[in-house]
Amino acid sequence: MAHALPTPRRSLALLSCLVGVRLFRGSAFTPLVRPQLARTSNQLRTPRRSEISGLGGDFEAPSGDGEVSWATVGDGDKLVQLKQRENAILQELQRISAEKDELLRTRPLSIGIVGFGKFGQFLAKRFMSQGHRVSALSRAPWSAEADQLGVDYFGGLGASGASNPDDAESGPWKFLSQLDLDVVVLSVSILSFEPTLKALPLHLLAAQPHGPRPAGQGGCLLVDVLSVKLHPRGVLLQLTPRSCDVLCTHPMFGPESGAGAWTDLAFVYERVQGRYQNKDRVERFLSIFESEGCKMVEMSAEQHDLDSANSQFATHLVGRLLEQLRLTPTAIDTLAFKRMLALKDTVANDSFDLFYGLYKYNPNSIDTLLLLRRALVDLEWRLKEMDAGDMGTVGWKLCPDTGQKTYSFSNGFSSSNGTTGHPGGRVEAGRRLLDRGPVGNYLASLPKGPLPAKESQ
């Protein structure tokens, strides 16, 4: 028996039920009502009352579990109501954001930067663009650059990072004696981080009774921006006054990648446990990066260094290997090769000290290095095994005139320049070098077989 609905809207509602469309009501999906075929005919029957329970809407139905006729299905104004709610939430978010921006503008931070090199100047420009006051302390003579940016500059850190912490007339003493200093950003290299901290009169950043700063204000907030995190966190906790808060951060961008907008650029941070006392000041500093649209990633130092060894150190390691190969562009470069060259050039722009710092001060980097070495050895063995069983002819081994194999190691390799007049001699020479000496001994000492899968951490 067919049942017709009196209006197109009701027809559409029933059709939705018959084809099994999920109807949305409130915060949960309602059950599917699947089409039911009549046992004695090919016609679809009207759903029973129990089958549409929970769908909402008004309908007329006989008592019991008989067939129903629909008056309305669902809330006709539901979509309108949802859009109105969505618009109200967006307006509330805009109001909150405007109120937060106004609160941040009413009391800008006084930020001191230790290390006013390329990255320190990069941060200073963005800090000042948001209205914060910036001062700087550095061992290099950056006074001209500081004057151009409007930054208060304090020199005299010392050519080697060492200075006399007890000299009240020194640049470091005057720099840290600024009582309105809210934040000190330590923008120095990984290798010089600990020596620099040891050379600073850090007690000047402590709150009373251990330092000159008002007790109610607390100690200064200390922020590191290194590419490793366990090392600076440990040094800061050991060398700095306990009244000073500590925020470990790693902006995953620099002067090149962050030259424009910082939208969606990752900013990793950890509020160090036990050193998160002046919450307002810490959150004000983090708001600098939030306001710029950074992707804020809260992460422990342990997790950061584990992930960094598998990403940042691995990137630098491969880039340095490509640099050792002295790769240059050719007329037949593939897109993949161009990307390799770009990686090589990007890594080459960073100092080798950074690469060494990533290796020395990240406890997970040695695992990545050993894994790469093992992977190279495994590939070498696989190539050797395939080559030993391959009896096919190699075209470049054939002499163009006679068609005979030629240029062995003994008659084709020149020990003076390591080259041959034919690729056969060069390849043979390379293989024999791998089979003898320290390289060959190292290869022979390792087990054959595929590289074992790295255990998940």
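Author: Before we start: helices here are DSSP runs of H or I with at least four residues, numbered from the N terminus. The model is a predicted one.

Reader: Fine. Which residue with positive phi follows H9?

Author: That is Arg326, with phi near 55°.

Reader: And H9 itself, where is its kink centred?

Author: On Ser308. The helix covers residues 301-324, and the kink is about 50°.

Reader: At what angle do H9 and H10 pack?

Author: At about 105°, with the axes 8 Å apart; H10 is residues 335-348. Angles of 65 to 115 degrees count as roughly perpendicular, so H9 is roughly perpendicular to H10.

Reader: Which residues make the contact?

Author: From H9, Thr315, His316, Val318, Gly319, Arg320, Leu322 and Glu323. H10 brings Met340, Leu343, Lys344, Val347 and Ala348.

Reader: How many of those are nonpolar, polar and charged?

Author: The contact of H9 with H10 has 6 nonpolar, 3 polar and 3 charged residues.

Reader: Changing topic: pockets. What volume does the largest pocket have?

Author: About 1500 Å³. Its lining has 43 residues, and Phe119, Ser227, Pro255, Asp350 and Leu354 lie nearest the centre.

Reader: Which elements give two or more residues to that lining?

Author: Helices H3 (118-129), H6 (193-198), H9, H10 and H11 (352-360), plus strand E10 (245-251).

Reader: Which one has the largest share?

Author: H9 again, with 4 residues of the lining.

Reader: How many of the lining residues are polar?

Author: There are 21 polar residues, along with 17 nonpolar and 5 charged.

Terms used
Residues are numbered from 1 along each chain as its sequence is written. This is a predicted model: local features need pLDDT of at least 70, side-chain atom pairs count only at pLDDT 80 or more; totals for chains, interfaces and linings use all residues. Side-chain values use heavy atoms; hydrogens and water are left out. The bend at a residue is the angle between axes fitted to the seven residues ending there and the seven starting there. Axes are lines fitted to C-alpha atoms, for helices over the stretch in contact, and angles run from 0 to 180 degrees between N-to-C directions. Angles under 35 degrees count as roughly parallel, over 145 as roughly antiparallel, 65 to 115 as roughly perpendicular and the rest as oblique. Contact means heavy atoms within 4.5 Å. Ala, Val, Leu, Ile, Met, Phe, Trp, Tyr, Cys and Pro count as nonpolar, Asp, Glu, Lys and Arg as charged, and the others, Gly among them, as polar. On a 1 Å grid over the protein atoms alone, a cavity is a set of points where a 1.4 Å probe fits but cannot get out, and a pocket is an open set with protein on both sides within 12 Å along at least five of seven lines; lining residues have an atom within 4 Å of a point. Grid points are joined across faces, edges and corners, and a volume is the space filled by probe spheres set on the points.
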